[in-house]
Amino acid sequence: MSIISDLIYFDNPAIWDSFGGTSSGIGGLVWQMFIWSVIVGLLVVTWLIYNLIFFRHKEGDPEPKDALKAGVFPHERGDVKIELTWTIAPLILVSWLTFLSLAPLDYMWDIPDNEDADVTVDVTAGSWYWGFEYANGYEKPEEFTKCSSNINCLEVPANSIIRFNVTSVDNLHAFYLPDMGIKQDAVPGLNTATWVDTSIVSARDEPYRIYCTEYCGNSHSQMLAEIYVTEVNSE
Amino acid sequence: MNRIKILGIGILLSIIFAVTAVPTGETNPGGIDPGISTLVEANGCSCHNIGDGDMNNPNSAVVLNLSMPDNFTAGETYTLTLNISGGPNDIAPMENGPNMGGFMLKVSTGTLTPIDNNVWKPEDSSYLTHTGGEEGQNGDGNNLREWSFNWTAPDSDSVVAEFMVYGNSVNGNAYEESGGMGNSGDYWNSGVFLLAGQNAQIADGSDYGELSGPKKIIYGFGIVFITLAVVVVGYRMVDQDESFEEVMKSYWRWIYPWLTTTDHKYIGTLYIVTGFAWFFIGGVLGLLIRWQLYEPRVDGDFLTYQEYNSTFTMHGTTMIFMAAMPIIFGFANYLIPLQIGARDLAFPRLNSFGYWLLPTGGIVLYMGYFTGGAGDVGWTGYAPYSSGASATRPGTDFWVAGQLMLGASSTLTAVNFLVTMLRMRAPGVSLMKMPLFSWSILVTVFLLLLSIPVFTVALILLMADRTFGSLYFSGPDSDPILWQHLFWYFGHPEVYIVILPAFGVLSEIISTFSRRPIFGYTSMVYAMATIGIISFVVYGHHMFTTGADPLFRFIVMLTTMLVAVPTGIKIFNWLATMTGGSVVLNTPMMFSLGTIITFTIGGITGIILASIPLDIAFHDTYFVVAHFHYVLIGGTMFSFIAGVYYWYPKMTGKMMNEKLGIAHFAATFITFNAAFYPMHNVGISGMPRRYATYDSSLTELNQFISIFAILFGLAQLIFVYNVFYSYRNGKEAGDNPWNGWSLEWATSSPPPENSFIEIPTLLDAEEEAKKSE
Amino acid sequence: MLRRRLRKVSDGHDEHHAHIETPAPFLFCVATAIMFIGLVMATAGGEDKTGDTGYWFVFILGLMGIFTSFFMWVQDYWNLEGEEDEHIETYHEFWATISTRKFGMWIFLLTEVMVFSTLLSAYLRYRASMPDYSPDIDCGLYFEDCWVPAADVIRSHLIFGVINTFALLLSSLTVVLALYAAKNNNPKAVTRYLTVTFVLGALFLALKLWEWNEMRHYNFWDESHNGCDILAGQSIADHCIAPKYANGFWLDTSIEGSTFYITTGMHGAHVFIGLIALGYLIAKSNKDGYNEENHETIELFGLYWHYVDLVWVFVFPFFYLY
C-alpha cells in the first residue's frame, strides 16, 4: 500500500513542508508548478483520448478530402488563429512560472555576509569526507554535545541563520542537505557559499542528512555526514 | 523439418557447452578496505586555517617522500620515514623556530605507532601527526621536516596498503603576520603511497587467475559465439558436403559487400542494426545498475562501487553515442535521399567512413573492460575527477579515445547530410516542401556541426591533461567549471540532436495515420528551427548549483523556460492533426501516441527543473534521472521504435506482425512508466544520482523500479522476435502500405539499387489537382 | 583481392549511377582503432598505469594502417581526369552556384572554426583570470599568481615566429598560383608551386618543433638559466627566468604552457595533415594530372590551407606577441 500512496501522493514532508509556509514564496511556486503540470498533462491526455474516440478510422469511412497521395506535397493545413493561441498561452504560462521563481530565487541568493549570519561554517569537501569549521570566532555553546569531531559531523543552533562557505580540496563534490533544500557544489580552487535558516526544520536529537551529490569517485555514495540542529538557550 | 530440429538441438547443446565452459569467479572488491571512506579523520591541515590564501590548494612545489620497503609480509613491523622538501620553507625558513613543517598520515590497513616524541597518535584515532602543535603534545615534531614511525602490517599480505599523507611547508616569512604562530602563507601537498603485500598486485587489484565480472561476460559471449559459429559451419559442411574453404568463401562473398558498401540504404541498415545492438548492450548495463540498486548494498555485494561507477558511465555513453545517434543516422541515411528524391548522399565514401568509425570506436570505448575497468567518470566526465584521480586507468583514456572517434564520425556525417540536403533535392522538392523528418535532420545537422567539435576539443584537452600532464583541468589554478561549460555547450544541443529527429518521425507517422496532412506545416518547421537555435543558449541549466555567474544562471533560466513554447506548439499541432482526421490505431501510431504522453511528462519535469529554486533541490537527484529517461526513452526511443514499425515494410518489403507489435507496445509502455515514474518520488525524497547504495527507507520504491526495469528489458524481446520473424514470414508490403505522401513511398519496397528508377518530381497538391482535371 | 569494383546496376537505365564499393573506409577505421588502442596502452597501460611501452608497436601499426587506407582511398581519384560530381545535378538554381565538393569543404571548415574557437576561448578564459606579470604587483614566490605568457619566453627569439608567419602566408600564395597554373594548362608550373608550398609548410613545422624544444629547455633566455631573485628585486625584464619555469617551459609546467603547446600543437597537426594531402597533390600533378578540366582538388586543398593560415594569423599574436 505504501508504494501506491507514495506514487499517488508526493508524500515527502521535506520539500513540501520545509519549503512552504515561509516568506520566500517557495511554497507558492511549488504548488503552482504542481497544479499547472497536472493541468497541462491532463489537457494533453484528454485531447488525445478525445481524438481517439471521435476520429477513429472505421471501415467504410469516406477518405478525407485532403488525404495523402504518394509523391504529392499535401495542401497546407492550419489555422493561424488557433496556432497563435497555443503559442501565446504557453508563453504566458512559462512567463508566469518564471515570475513565480523570482521571489524564491532572490531569497535563496540573498546570502548573508559572514558577519550577518548567526553562525558561519567553513565546509571543506574531500575524498570522501566532509570537514566543518566554525568561522568568525564562533564559540561552540555548551549545548553542542553531539559531535565528537569536526569531520562528517556538524551541529548548528536552531532558529538561526547559518551561512556555509563551501570548497573542496581535490575533486568536485556537492554539499546537499535534502531535508532543508540546500545544495551547493564544492569546487576546488573556488569558494562558494550558501545559507539556510534553521527555523524551517525542527530542532531534534536525530541528525539531518548531508549527502554528497556530485559524482566524485569510488565512495561517492558513502560520503555522508550528519547535521544536528540543537536548541541553544543563550542568545 | 528434421534439419531444423537437428540444427536447433545442435545450437542448444553448443550453448549449454559454452556456458559450462565459462570460468567461474567472484567479483573482486577494489582491494582497499571499504572502511576507509568512513574513517573519521582530520583533514590534514585543519590546524592551519582553511580559507587563508594558499591553504586551499595543494602546491606541487612541496615534495613528499615516504620511504617504504618493496612489499610487506603479514604481521611484520616496519619503520617508515616521511620527508618533506620544497615549498616556502626552502626559500624562507623560520629564523628562530618553532614550526618548520608538519604532517598528517593515515593508512588504510595495518596499525601506525609513533617511535619518538616527534610523532604522536591522538587518542581514539588511527592517524599520526607531528607533535608540538597544540593541546600539549610536547615534542619537537613541528621543528622538523622528516619523521620516522612504525607501521605494523595487517594479517593478510594479499592486500595493498594505501598511505594517505598530508605535508606542510611552513613559510617563515609569515612569522609576524601570524602572531608568532607561523601558520600563514604555508604551502601544503598531499599524496598517496601504495605498499603491496607480498601476494598482492597493485595494478588492478584482482588476484592472479580471477576474472572481473565484465571480462567474464565478454569472454562468455565470445565463447558462445565461436561455439555457435563452429556448429553452424560444421553443420553446413556436413549437410551440403562443402569443404571448409567453400563455406568460408561463401560467407566472405556475403560479408564483403557489407564491409565495402557506400550505398546509403545498406549503410543506413548497418547503422540501425548496430544502434539497436548497442541499445541492448547499454540496456544490460542498465539492468546491472537496477539490480545493484535493488536493495542497499555494501561494496562488492553485487558490484564493487568502482564497477558500478563504470557501469553507469558506460550505460550513459553507450545509450547516447552508440545507440540513439546511430539509430538516428541510420534512419536519416536510409530515408533522406529517398525523401528528397536523390540517389545517394553527396559523399558516399565519407558516409561509409562515418559508419565504420562507429563499431571501431565502440570497441575502443569498451577496451577499458579488458584493462582493469572501463571509464568511471560518468557520461559527463566532470573534471578534475576525470582529468586526474579517476580510478580506472587506462579505462578512462579509452573512454576519451573512443568518443574522439565517435565525434569525428558524427561531424563528417553531418557535413555529408547538409550538403546533400541543400544541393541534391529532386525537382519540386523545395525546402518548404520537404517532409518533416527531413527538416528535423536538417536542423539536427546544424546542431551537430556547431557542437560536436567543441566536445571533441574538450576531450582532447582532457586527454592532454591525462596523458601529457597539461593543466587545463587538473592543476591548482585550473577551473573545473571550464570543463562544464565546454561539455554542456555541446551536451545540451546534443540532447536536442537526439530528440529533433524523433519529432520528425512523430510528424510523419501521426500525419500518415490520421490520413491527413500535418496541422501547421510551416509552424512545425519554424518551431524546430527555433528549438535548434535556442538550444545553444540554455546549457547553463545544468550548472545551476556550480556557483557560476548569477546573471548567466538567471538568463539561462529564462531561455530554458522559453524553449518550452516551440516544443508545446509541436505537441499541440500533432494533436490537432488527429482532430478531424481518420485515426488508424496500429503499432507505429500507438508508439507515437505513447510518445506524446511520455514526452509531455518529461517536458513538464523539464520546466520544473528550469526553475532555479526547484533545481537547487532536484539537481543531481533521481528526479533528473526520471526526467531525462522520460524524454530519452519516452521521446527518442519510442519514436524510433515507431519508426522501425513504420519503415520496416519499405526497407524489407515485408509487413511486421501487428499482434506482436501491439503486445510489444502494451508491455513496453506499462513497464516503462512503472519503472521510471517512481524515480520522481525517489528523487524528491533526496536520493542522489550515481549512488551505488542508498538510504534503506527507499528500498521498497527502488525494488519496484528494478523489477519493472527488468520486465521492460524483457518486453523488448518481443520486438526482436517480431523483426526476425517478419523478415521471413511477413506479408508482402507493396510500395505504399500506409498511404503516405513523401517520396519514399513512391518507389518500390525495398527500393531498387539506385533508389529511384527515374528521379521523381514532387508535385504540389494544387498542381496535382490541375493535372487530374 | 581488395580492389574497388563498380557494382553494375540491374535495370540498365543509368550505368553512371552505380554505387562504388571500397574497403578503404572500413580499413581506415580499423587502423584508427588499433592506433588509439596502442596510444592509450602505451601512455596509460601496464602494471603501474603509466604506460606499457610495448604498445608503441601497436600504435605504429595503426598509423601504418591509416596511411595504407589513405592511399587505397585516394586510389579512386588517382586516375580521374574530370570532376566526379558532374553527374550530380542540382534542380534548384540557388544552390547550383557552388560545386558539391567545394560546398562540403566550406561546411567542414565551419566545424574547424568551432575547433579553434574552443581552444582560443579556453585560453582567453584562463588568461583573463590572472593579471599579467609585472614587477609592480605581487606575483607570489614562484610567480604563480601572475600570467607569465609564452610570449615572454620567446620574445628574444621572435624572429622564428615571424619567419613562420611569412612562410605560411607565402605558401597560401603559392597554392593560389598553382591553381592558376592548372587553369592555364601549365602542369609543370603546378608541380613547382605545389612543391614550394610543401617546402614552406615543412619549414614551418620544422621551425616550430625546434622552437618548442628550445622553449621546453628554456634556452631562449639567459644561458646561465638563472632564476629571478625576488628578494633582490629582479624581474623578468632582467632576463632572469620566472621561478615557476626554472625547470623549463613545457605543457605540464603551468597553464600558460598548457594552452600554448596544445593550441599551437593542434594548429601544427592541421598543418601536418595538410602536408600529407599535399603529397598526394604533388604526386598527381607530377604526372600532369591537373589541367583546365581538372583542378578542383587543388582549389579544395587551397581552401583548407588558407584556413590553416588564417588560424595562424590569430594564434601568432595571441600567443607570440601578447
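Reader: Which helix gives the most to the lining of the largest cavity?

Author: In this predicted model, that helix is H11 of chain B, residues 480–513, which supplies four residues to the lining.

Reader: Which residues of the lining lie nearest the centre of the largest cavity?

Author: A lining residue is one with an atom within 4 Å of a cavity point. Here 17 residues line the largest cavity, and those nearest its centre are A:Pro74, B:Ser511, B:Ile518, B:Tyr521 and B:Trp741.

Reader: How many residues of each class does the lining of the largest cavity have?

Author: The lining has nine nonpolar residues, five polar ones and three charged ones.

Reader: Turning to chain C, what pattern does the chain follow along the sequence?

Author: Chain C contains two strands and eight helices. Read along the sequence, the order is β-β-α-α-α-α-α-α-α-α.

Reader: What share of the residues in chain C is buried?

Author: Buried means under 20% relative accessible area. Of the 322 residues in chain C, 51% are buried. The accessible surface of this chain comes to about 15200 Å², and carbon and sulfur atoms account for 63% of that area.

Reader: What share of the contacts in chain C joins residues 24 or more positions apart?

Author: Among contacts with a separation of 6 or more, such pairs account for 67% in chain C.

Notes:
Residues are numbered from 1 along each chain as its sequence is written. Chains are lettered from A and ligands numbered from 1 in the order in which they are written. This is a predicted model: local features need pLDDT of at least 70, side-chain atom pairs count only at pLDDT 80 or more; totals for chains, interfaces and linings use all residues. Side-chain values use heavy atoms; hydrogens and water are left out. Buried means under 20% relative accessible area, exposed over 50%, partly exposed in between (1.4 Å probe, protein chains only). Contact means heavy atoms within 4.5 Å. Accessible areas come from the Shrake-Rupley method with a 1.4 Å probe; for residues, only the protein chains shown count as cover. On a 1 Å grid over the protein atoms alone, a cavity is a set of points where a 1.4 Å probe fits but cannot get out, and a pocket is an open set with protein on both sides within 12 Å along at least five of seven lines; lining residues have an atom within 4 Å of a point. Ala, Val, Leu, Ile, Met, Phe, Trp, Tyr, Cys and Pro count as nonpolar, Asp, Glu, Lys and Arg as charged, and the others, Gly among them, as polar.
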